[in-house]
Amino acid sequence: MLHKLVTGPLNMVKKVGEKIQEEADKELYDLPTIQKKLVQLQMKYELQELPEEEYKQQEAELLERYEIAKRKELEQWEALTKPKEE
């Protein structure tokens with residue numbers, strides 16, 4: 001009983017931290033979100049609302065995130081399709 005009183009709040013903090021990490025990863029590495037941001041960035045550049053240097057910097061960051069997201073997606077797919085070893 002005492003153990004639950006002590007570890008209960010710690011477990012709750014841990015779960016909240018995991019949920020925050022999950023949501024941050026989802027926002028950072030969600031493929032449709034990244035694609036949408038790339039289109040918006042392109043439009044800002046074409047409308048001359050964004051200088052070329054800033055455009056290239058932001059584009060590089062988004063493309064890097066896109067590559068990581070695709071890698072994560074591939075790893076998840078491989079984990080799902082990998083035959084189970086026993």
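1. Let's start with L62. With a relative accessibility of 8%, L62 counts as buried, because the cut-off for buried is under 20%. This residue lies in helix 3. Setting aside residues up to four places away in sequence, L62 touches I34, K37, L38 and L41. L62 and Q35 are 27 residues apart in sequence, yet their C-alpha atoms are 8.5 Å apart in space.

2. A word on confidence before going on: this is a predicted model. The pLDDT averages 90 over the chain, and 98% of the residues score at least 70. Helix 2 has the highest confidence, at a mean of 95, while helix 1 (residues 2–29) has the lowest, at 85.

3. Now to the core. The largest nonpolar core has seven residues in all: L31, I34, L41, L50, Y55, L62 and A69. At least two residues of this core come from helix 2, and at least two from helix 3.

4. Which residues of helix 2 are buried? They are L31, I34 and L41. These residues cover an arc of only 85° around the axis, so they sit on the same side of helix 2. The buried residues of helix 2 pack against helix 1 and helix 3. On the other side of helix 2, P32, K36 and E46 are exposed.

5. You will find one aromatic pair in the structure. Its partners are Y45 and Y55, which are stacked, with 4.3 Å from centre to centre and 15° between the planes. The pair links distant parts of the chain, with Y45 in helix 2 (residues 31–46) and Y55 in helix 3 (residues 52–81), 10 residues apart.

6. Are the two tyrosines buried or exposed? Y45 has a relative accessibility of 27% and therefore counts as partly exposed. Y55, at 9%, counts as buried. Leaving aside neighbours within four places in sequence, Y55 is in contact with L41, Q42, Y45 and L50. Y55 is thus a member of the aromatic pair and also of the largest nonpolar core.

7. Please also look at the loop between helix 2 and helix 3, where Q48 has its place. Just after helix 2, Q48 takes a positive phi of about 60°, although this residue is not a glycine. Is Q48 buried or exposed? Its relative accessibility is 71%, so Q48 counts as exposed.

8. Finally, the loop between helix 1 and helix 2 holds D30. D30 has a relative accessible area of 25%, so this residue is partly exposed. D30 and G8 are 22 residues apart in sequence, and their C-alpha atoms are 32 Å apart in space.

Note on methods
Residues numbered from 1 in each chain as written. Predicted model: local features only at pLDDT ≥ 70, side-chain atom pairs only at ≥ 80, totals over all residues. Heavy atoms only, no water. Phe/Tyr/Trp six-rings, centres within 6.5 Å; stacked < 30°, edge-to-face > 60°. Helix = DSSP H or I, 4+ residues; strand = E, 2+ residues; numbered from the N terminus. Buried < 20%, exposed > 50% of the residue type's maximum accessible area, 1.4 Å probe, protein only. Core = buried A, V, L, I, M, F, W, Y, C linked by side-chain atoms within 4.5 Å. Contact = heavy atoms within 4.5 Å. pLDDT = per-residue confidence, 0-100. Arc of directions from axis to C-beta.
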